[in-house]
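Got your viewer open and ready to click around? Here is a short tour, one selection at a time.

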Amino acid sequence: MTGERWHRVEGLFFEAIEMSEPERSAFLDDACGDDASLRSEVEALIEADEKPTRLGEPPTPGELGEMLAAARPTDSPIGPGTRLGAYRIEERIAAGGMGAVYRAVRSDEEYRQVVAIKVIREDSVGRESLMRFRQERDVLARLTHPNIARLIDAGVEGGGRPYLVMEFIQGEPLDDYCADRELSIRERLELFRKVCDAVQYAHQNLVVHRDLKPSNILVDEHGIPKLLDFGIAKIFRADDSTPMPGLTRTGARPMTPDYASPEQVRGEPISTASDVYTLGVVLYEILTGRKPFAGRSPHEMAQAICEEDPPLPSQAVGQMDRDSTLTEADGQTRVTRASSGTRSRESVKRLKQALIGDLDRIVLRALQKEIPRRYASAEQLSEDIARYLDGRPVLAQKDSWSYRTRKFLRRHRNAVAAAVLIGLSSLAGVWSVVSSAQTVETQLVEIERLADLTRYTDLVEEESQLWPPVPEKIAALEDWIRRAEELVSRKELHRADLEALRARALPYDEPTRQEDLKAHSLAGELEAFRLRRAATQIRIERAEEDPELLKGMADRFDAEIARLEPLVSERRTWCFEAVEEQWRHDKLAELVLELDRLSDPELGLLSQVRRRLQEASTVAKETLEAPAAEWAAAVTAIADPEVSPLYGGLRIEPQLGLIPIGQNPQSGLWEFYHPMLGSMPEREEDGSFEITEKSGLIFVLIPGGQFRMGARTPEALESLEDPNVDPYAQPHEKPVNEVSLDPFFLSKYEMTQAQWLLISGDNPSFFQAPHDQLGKIVDIRHPVEMVSWTLARTTLQQAGLMLPTEAQWEYAARAGTTTPWFIGHQPQGLDRYGNFADEAAGRANAPWGTLPTSRGYEDGYVVHAPVGTYLPNPWGLYDIVGNVWEWVDDDYGPYLIPGQPGTGLRMLRGTDVRIGRGGSYRDPFFSQRSSHRGSGKAEVRQENIGIRPARALAR
Amino acid sequence: MDPKITTSVTQLLEKCRGGDEAALEQVLPYVYEELRNRAEGYLGSERKDHTLQPTALVHEAYLRLVRQDQQHWENRKHFLALAAISMRRILINHAEKRAALKRGGKRRRVTLFEAESPFDEQADDLLALDEALKRFEEVDPDKARIVEMRFFAGLTNEEIARSLDVSTRTVERGWRLARAWLRKEIEGSSDESQLADG
């Protein structure tokens with residue numbers, strides 16, 4: 001907007017807000033004349049101005065919430081028990097801008113039926129809406145399709161609010177369903193086709209959905225998708241009605257900009273073609289995990305929807321969320337949310353590869369801005385997907401030479417790559433005299449380049465199978481390394497090609513350069529580091545604090561700035577006149593980037609696999625042969641009830657991958673060092689270890705035995721001294737149950753950030769250096785956190801480790817005790833044994849430190865502490881109390897079902913809720929009890945949840 | 001607070017008053033660091049009842065950083081502007097960090113261990129505001145300053161007026177227009193139909 005125009009808007013706004021409604025309308029008629037956009041701008045501002053808000057008080061960042069509150073639901077007087085017609089409300093299941101959705105039952109004489117009732121908020125119901133409501137509900141009620149949630153009834157409740165009674169669907173939103181079940185691309189496409197079929201059916205009945213999005217498509221337990229809210233958007237929105245005089249049209253903005261079609265954004269009439277477009281967005285999202293124009297402001301998004309081509313799905317994949325990525329299982333590409341780190345970054349490329357070509361084109365055809373260029377119907381879209389699934393040429397693809405060739409190549413890639421090389425060398429001389437030779441040759445060279453991308457993705461795909469590093473994997477590891485080295489040997493050739501191509505790029509103009517700089521995802525971070533560096537300088541000059549510490553901080557910031565500056569200022573946009581060249585450039589750039597990553601000496605996959613081979617080749621020698629004498633001694637000592645009474649004569653054999661350290665003088669249990677994830681820690685005189693940033697894991701061999709798991713509150717007159725009686729016991733800790741366990745290994749410490757880094761190449765922790773708590777800088781001796789249950793499990797598997805079962809955890813935590821805490825019946829003094837909500841946190845203004853339950857405890861840390869900071873439990877395990885929650889393997893549920901023999905593992909079908917044990921730095925003392933259970937979804941990542949690895953005893 | 005720091009901050013502010021723009025930039029890190037240190041405890045906190053009070057932080061920082069025996073109103077004026085910029089960056093940085101933790105920025109309530117992070121909810125709002133405010137800066141930079149000072153530094157209209165050398169009425173009117181503009185921008189584009197979610 002030009003300054004002058006804004007000035008007019010401003011002037012009119014201030015004049016108009018002083019006027020009464022009719023006066024204002026006349027005034028604006030007069031002042032704006034034909035300039036409808038000026039008028040609508042002013043009217044929109046007035047409307048926004050008039051929304052109720054709390055005025056007069058000084059604003060806080062929270063005031064924004066109030067600004068937005070107008071768009072959120074007001075509290076509804078409808079609650080459990082309220083009757084609407086023949087239905088009784090049971091509970092509210094969702095709430096949104098238009099109202100709320102309740103679960104309700106029809107409890108007639110004849111039958112009981114569960115339904116979902118949508119009650120529309122008063123202020124979203126105009127007279128106009130009510131009229132439409134009556135017209136439309138009859139149409140909608142006739143829609144009966146297995147994939148459409150049926151409209152059963154509709155009415156208007158006493159307060160004048162209309163409500164809709166719909167089939168109650170228990171299911172998961174489409175996107176979550178695909179991600180949670182890790183569906184393959186094929187499975188996703190097949191599911192999506194059913195959605196298309198439902199949309200097609202509705203279109204044939206002249207009903208347009210208008211508000212399709214994954215959250216409106218629920219997939220039930222049988223894998224059947226059900227579309228909700230068909231046509232509902234039309235009833236309640238005035239988007240294609242004739243605007244009433246004086247009414248502003250801002251309300252006509254689409255409800256869900258992410259899924260809006262260009263015609264919806266422009267406020268144009270909506271047709272079945274809009275649903276086709278939106279289906280394209282949904283398909284885009286379930287294939288890539290992203291929306292086409294994600295990460296933009298709403299304003300930019302509206303513009304992009306109308307004007308910009310979305311990034312190719314295959315390109316969008318590369319920018320996926322760090323936690324939504326790709327794994328490989330039974331030969332199919334799967335998108336999951338459960339992995340991070342270098343490997344996953346690289347395996348994203350596999351998905352990319354699968355999307356390049358047909359799927360890219362199918363999605364983009366659905367997303368065409370101009371209606372005639374889109375698929376003509378949902379059915380046509382569905383059929384094209386069917387063609388893709390059958391391996392037939394798709395409509396969305398013009399039948400070019402290179403397309404057919406690529407299609408062929410994909411099927412026979414290795415053979416063709418070889419043939420092309422031969423063809424090139426022998427025929428080049430002949431072809432050079434043919435006029436079109438250049439094109440043909442270029443295409444052939446391209447194909448060879450593509451072949452390298454395929455080889456690369458193959459390697460990445462295979463890499464995940466090459467765990468753990470044990471002798472059986474040596475041959476496969478060697479073969480992998482040989483192929484990777486061959487690929488890397490061609491890196492410079494590809495780079496030279498890329499450079500040559502870039503020399504022909506269009507010039508890098510200043511606006512593009514500025515855009516590149518500004519749009520860089522790290523630009524904000526760089527600025528923050530610059531500011532923090534300057535601030536540290538001040539602290540240094542102030543000379544009040546430890547200069548070493550400050551110097552360290554300054555160095556870290558300098559290093560970050562030095563690392564970020566070149567990245568942020570690097571040229572990222574290369575444009576070419578010819579589409580072909582652009583395409584070649586992008587592919588080549590991707591290939592070079594991937595090969596650079598692959599061959600990175602530190603974190604590259606190649607060096608990782610080389611290290612793995614090294615480990616696999618030496619693990620037997622290092623852990624079985626070299627310490628043969630130690631093993632013999634350990635085996636004898638453990639089997640001897642005189643020396644190791646706790647084991648009851650247990651006979652073990654030497655364990656591949658572990659080295660005996662000796663018997664812990666305090667606990668009497670044997671301890672073992674796990675060399676894969678770091679060096680051997682030094683044992684201090686008192687038997688404890690000094691854990692450094694390089695220390696590997698130490699496992700305690702936990703003896704088998706029986707114990708009473710869980711806790712219960714005391715019954716009348718019962719003594720608090722009775723076993724497993726605990727005034728703080730929660731209902732889900734009952735019933736107290738007898739569990740028998742085989743011996744197993746459990747880590748003495750929570751896994752450190754350093755150890756996690758060694759397996760995954762990534763430190764996902766929220767609190768990591770240089771986070772400063774009360775002058776103590778967090779370092780990688782602190783426990784790793786922000787790891788989901790799923791990720792923890794797969795990552796541990798790579799090291800041949802696992803999560804302990806819940807029973808194993810509690811058994812080891814109790815270490816023979818039956819009291820709430822292993823220190824006894826009272827929590828006094830618990831702060832010597834672990835880090836939990838205490839007064840130190842209070843001093844740092846952390847809220848968990850200001851709770852009454854924190855009073856009287858002082859552990860010195862606000863967030864987590866380095867592992868092993870406090871005293872161990874009787875079996876020599878550290879941080880059983882607090883620090884971070886520790887995931888265990890079981891599904892969350894009551895103790896009623898029996899656990900598996902030997903491990904006590906409890907599995908339940910159909911729950912994605914898992915269990916954490918041992919409380920965290922921000923939970924009170926009663927969360928630190930041996931029987932206390934925390935629960936969370938398997939995908940939850942939090943800054944206070946970590947892991948304590950376990951290992952099976954090989955027998 | 002180290003008297004050397006207060007002296008140098010005060011001197012730098014004096015220079016700003018003398019029209020030295022570069023001096024202003026030199027003060028920024030002091031203000032930023034002071035506020036960041038103070039804000040961190042609040043921002044790391046996970047509970048709703050423990051909200052950050054930017055107003056208190058800014059005023060406290062002023063008292064700590066600027067020598068009170070030779071107070072010049074002009075010093076305070078520059079200080080407040082810097083404080084507003086700093087608070088905005090601190091809050092937005094934190095919000096970005098929190099938002100990045102959430103998958104795809106999607107609002108999803110899951111069963112969490114014991115406590116939730118209410119900041120997550122605010123983070124989206126803050127980021128949306130920051131985005132909208134950036135756009136508004138292009139439309140009307142002066143009024144955008146007013147919003148920055150009110151929202152992020154929690155200053156009163158009077159303080160803003162004196163800091164910007166305008167009348168209180170100008171601030172009030174500017175605030176009203178800016179608020180309407182931002183509200184229109186943010187609300188018009190927020191996802192209003194969450195009905196079927198969950």
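Predicted model: local features only at pLDDT ≥ 70, side-chain atom pairs only at ≥ 80, totals over all residues.

**Stop 1: two helices side by side**

Select residues 185–204 of chain A, which is helix α7, and then residues 378–390 of chain A, helix α15. Their axes come within 8 Å and cross at roughly 160°. Angles over 145 degrees count as roughly antiparallel, so α7(A) and α15(A) are roughly antiparallel to each other. The crossing of this pair, α7(A) and α15(A), is left-handed.

Now show some side chains. On the α7(A) side, the residues in the contact include A:Leu189, A:Phe192, A:Cys196 and A:Val199. Across from them, α15(A) brings residues including A:Leu381, A:Ile385 and A:Leu389. What classes of residue make up the contact of α7(A) with α15(A)? There are 9 nonpolar, 3 polar and 4 charged residues.

**Stop 2: the start of the chain**

Jump to residues 3–16 of chain A for helix α1 and residues 21–32 of chain A for helix α2. The axes of these two come within 10 Å, crossing at roughly 155°. That angle makes α1(A) roughly antiparallel to α2(A). Here the crossing is right-handed.

**Stop 3: a sheet**

Next, look for an open sheet of 4 strands in chain A, in the order β26-β25-β24-β27, with mixed pairing. Which strands stand at the edges? They are β26 (933–937) and β27 (945–946) of chain A; each has a single partner strand, so one side of each is left without a neighbour in the sheet.

Then zoom in on β24 (residues 885–891) and β25 (residues 913–917) of chain A, which pair in the antiparallel sense over 4 bridges. For one bridge in particular, click A:Trp887 and find its partner, A:Gly916, in β25(A).

**Last stop: zoom out**

Finally, show the whole of chain A, with its 30 helices and 28 strands. Of its 955 residues, 43% count as buried. Among contacts in chain A between residues at least 6 apart in sequence, 67% join residues at least 24 apart.

Notes
Residues numbered from 1 in each chain as written. Chains lettered and ligands numbered in written order. Buried ≥ 20, exposed ≤ 12 C-beta atoms within 10 Å, placed from the backbone. Contact = placed C-beta atoms within 7 Å. Pairing = 2+ DSSP bridges. Axes fitted to C-alpha atoms, helices over the stretch in contact; angles between N-to-C directions. Parallel < 35°, antiparallel > 145°, perpendicular 65-115°, else oblique. Left-handed = near helix turned anticlockwise from the far one by under 90°. Nonpolar A, V, L, I, M, F, W, Y, C, P; charged D, E, K, R; others polar.
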